[in-house]
Amino acid sequence: MRLTYSTPNYLNTDISNAQGHKLYTVSTPRSAKQITTITKYRWSGNNSVEETMGVIEWHKLKKTIIRFNGKELEADAMLEKRSWENGRYFTGPDKRSYKWKLGATYCWLKAAESDVELARFHQKNLGIRKESHPPYLDVSSKVVHMMDHIIITYLYVEKLRQEQGGQRHQSQMSSLDFQNQMNQASIAQTTTAPPGSSGC
């Protein structure tokens with residue numbers, strides 16, 4: 001199942017199915033307190049009823065909070081991080097354990113005991129080398145029964161992935177700046193004539 005995002009901004013977007021029916025809206029207004037609200041649309045014929053499916057209250061100095069399925073949990077409790085692993089685990093409504101893996105350019109979902117891809121986000125393609133398409137989340141028929149879980153957990157892990165990517169970039173830039181400084185210092189030493197070497 002392909003879920004199309006109306007914008008590349010995963011925190012502010014409409015999510016629609018192949019028939020063009022809007023299934024979710026993700027909204028994160030700009031404010032001092034960053035809160036993401038996920039609205040779900042239930043369709044009956046040509047009419048839909050909307051309801052708040054979940055809320056994520058983002059924090060930097062304390063734990064991010066997720067409100068979902070009538071519960072309020074710390075994000076790290078809902079999406080468990082295990083030692084020496086790059087990813088987050090959560091329990092689906094079928095009581096099975098699933099894992100979001102955080103890649104360099106995208107996140108993908110699998111069952112904890114398998115490496116079969118169950119969901120993956122695809123960035124917008126402008127059609128330079130491949131056929132153009134808007135951003136979309138590709139979801140296997142094996143997990144469509146837990147679509148709400150996939151939508152809300154994806155928001156959290158994608159934010160983690162982008163933050164980790166920013167930290168890696170900053171670390172690489174710092175390392176490059178240090179290396180440039182060392183190279184400049186080395187060049188300055190080799191081009192500076194030692195005292196008394198003028199040949200007079």
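By buried I mean under 20% relative accessible area. Keep that in mind for what follows; the model is a predicted one.

I will start with the aromatic residues. There are 5 aromatic pairs in the structure. In one of them, the ring centres of Tyr5 and Phe121 are 5.0 Å apart and the planes meet at 80°, so this pair is edge-to-face.

Another pair is Trp100 with Tyr154. Here the centres are 5.6 Å apart and the planes are at 50°, so the pair counts as tilted. Trp100 sits in strand 9, Tyr154 in helix 2, 54 residues apart. Trp100 and Tyr154 are also buried. Ring pairs join Tyr5, Trp100, Phe121 and Tyr154 into a cluster.

Next, the core. The largest nonpolar core contains 40 residues, and Ile38, Trp100 and Ile151 have the most contacts inside it. Helix 2 supplies the largest share, 9 residues.

Two charges over rings. Arg82 lies over the face of Tyr89, 3.6 Å from the ring centre. Lys159 lies over the face of Trp58, at 4.9 Å from the ring centre.

Last, Val144, in the loop between strand 12 and helix 2. Is Val144 buried, exposed or partly exposed? Its relative accessible area is 36%, so Val144 is partly exposed. Beyond its neighbours within four places in sequence, Val144 contacts Met1 and Val139. The C-alpha atoms of Val144 and Met1 are 7.8 Å apart, although the two residues are 143 apart along the chain.

Methods: Residues are numbered from 1 along each chain as its sequence is written. This is a predicted model: local features need pLDDT of at least 70, side-chain atom pairs count only at pLDDT 80 or more; totals for chains, interfaces and linings use all residues. Side-chain values use heavy atoms; hydrogens and water are left out. Helices (H or I, at least four residues) and strands (E, at least two) are DSSP runs, numbered from the N terminus. Buried means under 20% relative accessible area, exposed over 50%, partly exposed in between (1.4 Å probe, protein chains only). Contact means heavy atoms within 4.5 Å. A nonpolar core is a set of buried Ala, Val, Leu, Ile, Met, Phe, Trp, Tyr and Cys residues joined through side-chain atoms within 4.5 Å. Rings of Phe, Tyr and Trp (its six-membered ring) pair if their centres lie within 6.5 Å; planes under 30 degrees apart count as stacked, over 60 as edge-to-face and the rest as tilted. A charge sits over a ring if NZ of Lys or CZ of Arg is within 6 Å of the ring centre and within 35 degrees of the ring normal.
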